[in-house]
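Trainee: I am new to this structure. Please take me through one part of it slowly.

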Amino acid sequence: MGGLDELEPQDRAVVELLLDKGQSYEQIAQTLEVPEERVRAFARNAVGQLRGGGGDDEKPPSAASVIPVFALYLILIFAGLAYFIVIGLEHH
Amino acid sequence: MRNFVRGNGLAIFFLLIFLGCLGGQAISGHNLYNEQQQEHAQLLHQKPQTISFGRYLTSSNFAQAVTENWQSEYLQFMLFIIATIWLVQRGSTETKVPGQEGLESDKEQKVGEHASEHSPKWARGRGIRRRIYSQSLLIVMAIIFFGSWFAQSVSGWSVYNQDAMDHKQPSITWVGYLGSSDFWQDTLQNWQSEFLAVGSVAIFTVFLRSRGSAQSKPVGSAHGETAVEG
């Protein structure tokens, strides 16, 4: 669990304005002079970091089972392209 | 096996319907080709030059019909990938939030020193490898787009010259075909529909919902919320 001090300055500012000052996203956007969506993104970042550094330390699920399908798509597409280019060219 | 199918459900589903539709296109295209040959022969009081299904699969007509659609689909995704780096659509699920336009920082993109031990190897590295990997999706889409556009041009050129020969007209060079109305009509009729569809998805997802879809915001999300997916 990270602390407030470990947050990026803009993320920390948003959290402080939200929790300490009780400001709305709209008010914070005006205070920091950034779009409201950006404020929401900062807040999401901050929550992610406070929950444990954004989850980067956790081992993500393996994509090994996707590799055969990924390879099949690439083979199909590039084999198809080569086939159609040869067909187009050989008729001349 | 069950886990494999479940984990790859989307790609397998689209691959199967792609193959089904390609087969259907080949069958109907073959029928249409032979019908046109028969009509043509009737008009000229000649014997129709119909072809077998196997011969149709290796014809320029089939190659052109397939590749003119392929190129426009990959152009659509290629442009969408580029455009969504720099442009946003307020309230859409398909873009980043306003204020995040651009290539973003190394920290946000988790590259170089900000990469984790689970990041792809080329994202952890430096120099040309990281630069290539950073745009690998765009690079592959661009190769497929230009490859299929080239395939469309050479097969379309072949079909065009075959027609010209049948009508006792002079044939043209490949460069000449690239400047022809035939080539640009086939190309632009596909492009215009792709661009309309992409624009529609970008703007429709602001106000419309599809419960449970990853392409839609949660039904109760505010219209102005951007880049939120269900």
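Trainee: Which residues form a nonpolar patch on the surface?

Mentor: First, the ground rules. This is a predicted model, where local features need pLDDT of at least 70 and side-chain atom pairs count only at pLDDT 80 or more, while totals for chains, interfaces and linings use all residues. Side-chain values use heavy atoms, without hydrogens and water, residues are numbered from 1 along each chain as its sequence is written, and chains are lettered from A and ligands numbered from 1 in the order in which they are written.

Now the patch. Its members are Phe78(A), Trp122(B), Ile128(B), Ile132(B), Tyr133(B), Ile139(B), Val140(B) and Ile143(B). Together they have about 680 Å² of accessible area (Shrake-Rupley method, 1.4 Å probe, only the protein chains shown count as cover). Patch residues have over 30% relative accessible area and no salt bridge, and nonpolar side chains (Val, Leu, Ile, Met, Phe, Trp, Tyr) are joined within 5 Å. A salt bridge is a side-chain nitrogen of Lys or Arg within 4 Å of a carboxyl oxygen of Asp or Glu. Two elements of chain B, α7 (127-134) and α8 (136-166), each give two or more residues to the patch. Helices here are DSSP runs (H or I, at least four residues), numbered from the N terminus. Tyr133(B) sits in helix α7 of chain B.

Next, how the chains meet. Chain A brings 32 residues to the contact and chain B brings 40 residues (heavy atoms within 4.5 Å). Between chain A and chain B, the count of salt bridges is 0. On the side of chain A that touches chain B, α3 (36-50) and α4 (67-90) each supply at least two residues. The largest share, 16 residues, comes from α4(A).

Terms used: Patches are made of residues with over 30% relative accessible area and no salt bridge: like charges are joined within 9 Å, nonpolar side chains (Val, Leu, Ile, Met, Phe, Trp, Tyr) within 5 Å.
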